[in-house]
Amino acid sequence: QVQLVESGGGLVQAGGSLRLSCAASGRIFDINAMGWYRQAPGKQREPVATITSRGSTNYSDSVKGRFTISRDNAKKTVYLQMNSLKPEDTAVYYCNAQVRVWLTTGYGDYWGQGTQVTVSS
């Protein structure tokens with residue numbers, strides 16, 4: 001009923017930048033919070049940044065000052081601008097959205113398929 005499609009991952013040298021995008025589609029009545037999470041090999045998935053429907057943001061300490069999350073509510077899209085990338089940022093990045101589907105009550109958690117970000121030293 002809801003699809004999240006990420007784009008923008010890739011290979012970049014340390015110090016470089018990448019911009020991730022995630023577009024939501026389907027039978028969407030409303031989207032509450034959206035966010036980005038990441039999972040490195042052998043590690044658990046961890047939150048990177050989140051943004052509410054009103055634009056309030058929250059960042060993990062490891063990315064504060066380097067990453068910026070934003071969203072376009074009309075396009076149902078969330079972005080993650082990543083600057084000053086470090087090798088330890090290497091991970092699969094997943095988009096998350098809290099979505100209320102048409103003709104339902106309450107919000108459900110939806111995830112994208114993930115996009116690989118690799119930062120070389």
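What follows is a short chat about the strands of a predicted model.

Trainee: What should I know about the model before we start?
Mentor: It is predicted: local features need pLDDT of at least 70, side-chain atom pairs count only at pLDDT 80 or more, and totals for chains, interfaces and linings use all residues. Residues are numbered from 1 along each chain as its sequence is written, and side-chain values use heavy atoms, with hydrogens and water left out.

Trainee: What is the strand order in the open sheet?
Mentor: β1-β3-β8-β7, 4 strands with antiparallel pairing. Strands are DSSP runs (E, at least two residues), numbered from the N terminus. Two strands pair if DSSP finds at least two bridges between them.

Trainee: Which strands stand at the edges?
Mentor: β1 (2-7) and β7 (67-72). Each has a single partner strand, so one side of each is left without a neighbour in the sheet.

Trainee: How many bridges join β7 to β8?
Mentor: 6, and the two strands run antiparallel. β8 covers residues 77-82. Asp 72 has Thr 77 in β8 as its bridge partner.

Trainee: New topic. What do β4 and β5 form?
Mentor: A hairpin, with 6 residues between the strands. Gly 42 in the turn has a positive phi of about 80°. β4 (residues 28-39) and β5 (residues 46-51) pair antiparallel over 5 bridges. Trp 36 has Ala 49 in β5 as its bridge partner.

Trainee: And which residue in β6 is the bridge partner of Ala 49?
Mentor: Tyr 59. β5 and β6 (residues 57-59) run antiparallel, joined by 3 bridges. They form a hairpin too, with 5 residues between them. Gly 55 in that turn has a positive phi of about 100°.
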